[in-house]
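Subject: Structure for you to look at

Hello,

Here is the structure I promised. Please open it first, then read my notes below.

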Amino acid sequence: MPDTGPVYSRGPQLVPEPDNVTKLAQQTRRSLVLRGILAIVMGVLIIARPGASVAAFALVIAIWALIDGAVLISYAFRLKPIAPHWWALLLAGIVGVAFGGFALYYYPALSLAYAVVWTTVWLVSIGAAAIYAATRERKLGLRWGWTMAFGVLAVLAGVVAVIYPGATIGALLAIIATFALVAGITMLVAAGKMRSLENRAKDVFEGPKRV
């Protein structure tokens, strides 16, 4: 039998260049610093300028609905040859574009109303689910008190959200500001750790050269 040679060929082993590793670490660190600073600035601006933040929040909702609807419409036509229910995506996209258009026309009332309704539906939904879970836990002889309490509080929060829409918008902005501040600080801390990782990479690659 003739020799057919090796069956497996792993190919050349790629060894990362020290300069490439260092540049990648530097770029990642700078990106984290920039994003962290921007997130902190956004959080501070939301707290300092709540009125302008509400207007920006409403504008983001309207633009997001337009873009998301347009993407769904495009995706629906791409799926038309292979998916029998492509029209469902098309309908969802048309609704999104229509909502975004109306939200811009009735700016900012419709966008803020949507945010309040969405928050209310979310709170009532998770509250109802928790109440149902509590009843099942009770039938199984498990501890159900805390689950029931959480469900009732969530439903009550949903009712309060729709009764006091201004407070709901304020709470949403407070959550966004808190998230932005925490995310920004986390990114800056990660950038500091990336600096130490960059120094370690230099030691690993430059160490053998000093021997």
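These notes go from the whole chain to single residues.

This is a predicted model, where local features need pLDDT of at least 70 and side-chain atom pairs count only at pLDDT 80 or more, while totals for chains, interfaces and linings use all residues. Residues are numbered from 1 along each chain as its sequence is written, and side-chain values use heavy atoms, with hydrogens and water left out.

**Whole chain**

The chain has 6 helices and 0 strands. Helices (H or I, at least four residues) and strands (E, at least two) are DSSP runs, numbered from the N terminus. Read from that end, the order is α-α-α-α-α-α. There are 211 residues, and 25% of them are buried. Buried means under 20% relative accessible area, exposed means over 50%, and partly exposed lies in between (1.4 Å probe, protein chains only). The accessible surface is about 15,100 Å², with 72% of it on carbon and sulfur atoms. Areas come from the Shrake-Rupley method with a 1.4 Å probe; for residues, only the protein chains shown count as cover. Of the contacts (heavy atoms within 4.5 Å) with a separation of 6 or more, 74% join residues 24 or more positions apart.

**Helices H3 and H4**

The axes of H3 (residues 86-105) and H4 (residues 109-139) come within 6 Å and cross at roughly 125 degrees. Axes are lines fitted to C-alpha atoms, for helices over the stretch in contact, and angles run from 0 to 180 degrees between N-to-C directions. H3 and H4 are therefore oblique to each other. Under 35 degrees would be roughly parallel, over 145 roughly antiparallel and 65 to 115 roughly perpendicular; the rest is oblique. H3 brings Phe99, Phe102 and Ala103 to the contact, and H4 brings Leu110, Ser111 and Tyr114.

**Helix H2**

Ser53 sits in H2. Ser53 counts as buried because its relative accessibility is 11%. Beyond neighbours within four places in sequence, Ser53 touches Leu45, Ile46 and Leu173.

A nonpolar surface patch is formed by Leu59, Ile63, Ile67, Val71, Leu104 and Tyr107, with about 510 Å² of accessible area together. H2 (residues 50-79) gives the most to this patch, with 4 residues. Patch residues have over 30% relative accessible area and no salt bridge; like charges are joined within 9 Å, nonpolar side chains (Val, Leu, Ile, Met, Phe, Trp, Tyr) within 5 Å. A salt bridge is a side-chain nitrogen of Lys or Arg within 4 Å of a carboxyl oxygen of Asp or Glu.

**Helix H6**

Ala190 lies in H6 (residues 165-210). Its relative accessibility is 30%, so Ala190 counts as partly exposed. Ala190 and Arg29 are 161 residues apart in sequence, yet 7.9 Å apart in space, C-alpha to C-alpha.

Best wishes
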